[in-house]
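Take a look at the model below.

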Amino acid sequence: MQVQAITKNVRMSAQKMREVVRQIQGLPAAEAQAILAVVPRKGARFVAKTLNSAIANAEDLKAHHKDYGALELDDLVIKEALAQTASTLRRFTPKARGSAGPILKRNCHIKIVLSDE
């Protein structure tokens, strides 16, 4: 059985977020939570929040849906962890001789898929 959680439009670039996400791919969910608790990066907080949401989704599905009754909560493993690009805010800063330079404020989506298989 697979369970997922998605956090959308996080105000951080996907490139920075991928460095955090790569650290937890393929790990058991409990071990990934412990690792994210000590990673000193801003992105680790967002990934931990998404992971906690995915675990809560698994608990809720097991309790309320008979299709997920066989789901083993202790055996959850991170099958897929992605950081994908989202929409970019475009701002401009003044430059010399009346021109303008772009400022790109990037966003990303975080997707975590848990599996007990």
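## The nonpolar core

The largest nonpolar core has 30 residues. Such a core is a set of buried Ala, Val, Leu, Ile, Met, Phe, Trp, Tyr and Cys residues joined through side-chain atoms within 4.5 Å. Buried means under 20% relative accessible area, exposed means over 50%, and partly exposed lies in between (1.4 Å probe, protein chains only). The residues with the most contacts inside this core are Met17, Ile24, Val47, Leu51, Ile78, Ile112 and Leu114. Strand 1, helix 1, helix 2, helix 3, strand 2 and strand 5 each supply at least two core residues. Helix 3 gives the most, with seven. Helices (H or I, at least four residues) and strands (E, at least two) are DSSP runs, numbered from the N terminus.

This is a predicted model: local features need pLDDT of at least 70, side-chain atom pairs count only at pLDDT 80 or more, and totals for chains, interfaces and linings use all residues. Residues are numbered from 1 along each chain as its sequence is written, and side-chain values use heavy atoms, with hydrogens and water left out.

Isoleucine 78 touches several residues, including Ile24, Leu51, Ile112 and Leu114, when residues up to four places away in sequence are not counted. Contact means heavy atoms within 4.5 Å.

## Helix 3

Helix 3 covers residues 42–64, which is 23 residues. At 1.5 Å a residue, it should span 33 Å. The rule is 1.5 Å times one less than the number of residues. Its end C-alpha atoms are 34 Å apart, which agrees.

Among the buried residues of helix 3 are Gly43, Val47, Leu51 and Ile55. Their cover includes strand 1 (2–10), helix 1 (14–21), helix 2 (29–38), strand 2 (77–85) and strand 5.

## A buried aspartate

Which side chain of opposite charge is nearest to aspartate 116? It is lysine 62, 7.8 Å away. Lys and Arg count as positive, Asp and Glu as negative; His and the chain ends are not counted. Aspartate 116 is buried yet has no salt bridge, meaning a side-chain nitrogen of Lys or Arg within 4 Å of a carboxyl oxygen of Asp or Glu.

Aspartate 116 sits in the segment after strand 5 (108–115). Its side chain reaches the backbone nitrogen of methionine 1 at 3.0 Å. The side chain of aspartate 116 also reaches the backbone nitrogen of glutamate 72, at 3.2 Å.

## Positive phi

Most residues other than glycine have a negative phi. Asparagine 9 has a positive phi of about 55° although it is not a glycine. Asparagine 9 lies in strand 1 and is partly exposed, at 46%.

How values were computed:
Polar contact = N/O pair within 3.5 Å; in protein donor to acceptor, adjacent residues only side chain to side chain.
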